[in-house]
Amino acid sequence: MGKGISKRLPPITFHTPLGDEELTFLSSENPNTIFIGTGQRGLLPLTKEAEQFLAGYTVRMGKTPDIISEILNERGSFVAIIHVTG
């Protein structure tokens, strides 16, 4: 999934934010944990609506390299949203 959905949102700290519309698929996935990698420097912002949407889930969020390390040790069901640039 690209950033097409959230591209219409105003940038927060010069980055396109992760918005709630990009998270609607989580309802059908029903993961135990949601991992969000916020990039090498941890700069991926979330909209307030996304934060509210995620409040109903167990979320582990941090810099992408740190989150990948956590994912490698995860034994339960999960969804990973990873911010990378290229």
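User: How many salt bridges does the count come to in this predicted model?
Analyst: The model is predicted. A pair needs a side-chain nitrogen of Lys or Arg within 4 Å of a carboxyl oxygen of Asp or Glu. Arg60 and Glu70 form such a pair. The count comes to one salt bridge.

User: How far apart are the closest N and O atoms of Arg60 and Glu70?
Analyst: Side chains of opposite charge can pair when their charged atoms come close. Arg60 forms a salt bridge with Glu70, and their closest N and O atoms are apart by 2.9 Å.

User: Which parts does the Arg60–Glu70 pair tie together?
Analyst: Glu70 lies in helix H3, residues 64–73. Arg60 lies in strand S2, residues 59–62. The pair therefore ties together parts ten residues apart in sequence: S2 and H3.

User: Is Glu70 buried, partly exposed or exposed?
Analyst: Buried means under 20% relative accessible area, and exposed means over 50%. Glu70 has 27%. Arg60, its salt-bridge partner, has 41% and is partly exposed. Glu70 is likewise partly exposed.

User: Which strands stand at the edges of the sheet?
Analyst: Three strands form an open sheet in the order S2-S1-S3, with parallel pairing. Each edge strand has a single partner strand, so one side of it is left without a neighbour in the sheet. The edge strands are S2 and S3 (78–82).

User: Which residue stands opposite Arg60?
Analyst: Strand S1 (residues 33–37) runs parallel to S2, joined by four bridges. Arg60 lies in S2. The residue opposite Arg60 is Phe35.

User: What angle does the direction of H3 make with that of S1?
Analyst: H3 packs on the sheet. The helix touches S1, S2 and S3. Its direction makes with that of S1 an angle of about 150°.

How values were computed. Residues are numbered from 1 along each chain as its sequence is written. This is a predicted model: local features need pLDDT of at least 70, side-chain atom pairs count only at pLDDT 80 or more; totals for chains, interfaces and linings use all residues. Side-chain values use heavy atoms; hydrogens and water are left out. Helices (H or I, at least four residues) and strands (E, at least two) are DSSP runs, numbered from the N terminus. Buried means under 20% relative accessible area, exposed over 50%, partly exposed in between (1.4 Å probe, protein chains only). Two strands pair if DSSP finds at least two bridges between them. Contact means heavy atoms within 4.5 Å. Axes are lines fitted to C-alpha atoms, for helices over the stretch in contact, and angles run from 0 to 180 degrees between N-to-C directions.
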